[in-house]
Amino acid sequence: MTPSSSGTEDASLHRKHDGTPPTLGIDIDGTIDEGPAFFRTLAAIWPGRVIIITYRRDRAQAEAELVRLGIRYHDLILVSSFDAKAEVIERERVDVYFDDQPEMLRAIPAHVNVMLVRNEGNFCFTDRLWLFSDQTGRQV
Ligand SMILES: [Mg+2]
């Protein structure tokens, strides 16, 4: 990476090409609740929209959990399938997305910065190995 391209990427973290600040998307289960202090801080200082995208059915319970964890957000969107998260991310023009399930991340457009959160569901702390299925991983 050249210094000039690095500078461009740094700038893109603050403003999109249309001048609006970037949009942050975050999952709840295994993500926010895996590092609430980090996500509380990130959401509080994020310059653009913060959208919570969760594979849950109970909106009131999700809202209560976000209040309890102190997460600032603009929209809470509930989805009912893995691919629906990717559709929401594209529709809402999310620029940076945090999730813990590779299944959720497969269909997300390449231009979105994806951050995979480690937890006991995707990482074996005994063997120190990531856990992938045939659908989400390939041995290198
Ligand atoms: Mg999750």
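Select Arg128 to begin: Arg128 sits in the loop between strand S6 (123-124) and strand S7 (129-130). Helices (H or I, at least four residues) and strands (E, at least two) are DSSP runs, numbered from the N terminus. Arg128 has a positive phi of about 55° although it is not a glycine. Arg128 counts as exposed because it has 7 C-beta neighbours inside 10 Å. The cut-offs are these: a residue is buried if 20 or more other C-beta atoms lie within 10 Å of its own, exposed if 12 or fewer, and partly exposed in between, with C-beta atoms placed from the backbone.

This is a predicted model, in which local features need pLDDT of at least 70 and side-chain atom pairs count only at pLDDT 80 or more, while totals for chains, interfaces and linings use all residues. Residues are numbered from 1 along each chain as its sequence is written.

**Colour by pLDDT**

pLDDT is the predictor's confidence in each residue, from 0 to 100. Its mean over the protein is 90, and 89% of the residues reach 70 or more. Now select residues 1-12, where pLDDT stays under 50. For this stretch the model has one contact beyond four places in sequence. Two residues are in contact if their C-beta atoms, placed from the backbone, lie within 7 Å. Where pLDDT is low, the predicted coordinates should not be read in detail.

**Switch to cartoon**

The protein has five helices and seven strands. Along the sequence they follow the pattern α-β-α-β-α-β-α-β-α-β-β-β. Of the 140 residues, 22% are buried. Among contacts with a separation of 6 or more, 54% join residues 24 or more positions apart.

**Select the five-strand sheet**

The order in this open sheet is S3-S2-S1-S4-S5, with parallel pairing. Two strands pair if DSSP finds at least two bridges between them. Strand S3 (75-78) and strand S5 (113-116) are at the edges with a single partner strand each, so one side of each has no neighbour in the sheet. Neighbouring strands are turned by 20° against each other on average, direction ignored. For such angles, axes are lines fitted to C-alpha atoms, for helices over the stretch in contact, and angles run from 0 to 180 degrees between N-to-C directions.

With strand S1 (residues 24-26), S2 pairs in the parallel sense over three bridges; Ile51 of S2 is the bridge partner of Gly25. With S3, the parallel pairing of S2 runs over four bridges, and here Ile51 stands opposite Asp75.

**Select Val50**

Is Val50 buried or exposed? Val50 is buried, because 21 other C-beta atoms lie within 10 Å. Not counting residues up to four places away in sequence, Val50 touches Leu24, Ala43, Arg72, Tyr73 and His74. Draw a distance to Ile71 as well: Val50 and Ile71 are 9.6 Å apart in space, C-alpha to C-alpha, and 21 residues apart in sequence.

Helix H3 (residues 59-69) lies across S2 and S3, at about 140° to S3. S2, H3 and S3 form a right-handed β-α-β unit; right-handed means that, with the strands pointing away from the viewer, the path from the first strand over the helix to the second runs clockwise. H3 lies largely in the open, because one of its eleven residues is buried. Just after H3, Gly70 takes a positive phi of about 75°.

**Select the nonpolar core**

A nonpolar core is a set of buried Ala, Val, Leu, Ile, Met, Phe, Trp, Tyr and Cys residues joined through C-beta atoms within 7 Å. Which residues have the most contacts inside the largest nonpolar core? They are Ile26, Ile52 and Ile89, in a core of 21 residues. At least two core residues each come from S1, helix H2 (36-45), S2, H4, S4 and helix H5 (102-105). S2 gives the largest share, four residues.

Centre on Ile89. Leaving aside neighbours within four places in sequence, Ile89 is in contact with Gly25, Ile53, Val94, Tyr97, Ile108 and Val112.

**End at Arg93**

Arg93 is in the loop between H4 and S4. Arg93 is partly exposed, because 16 other C-beta atoms lie within 10 Å.
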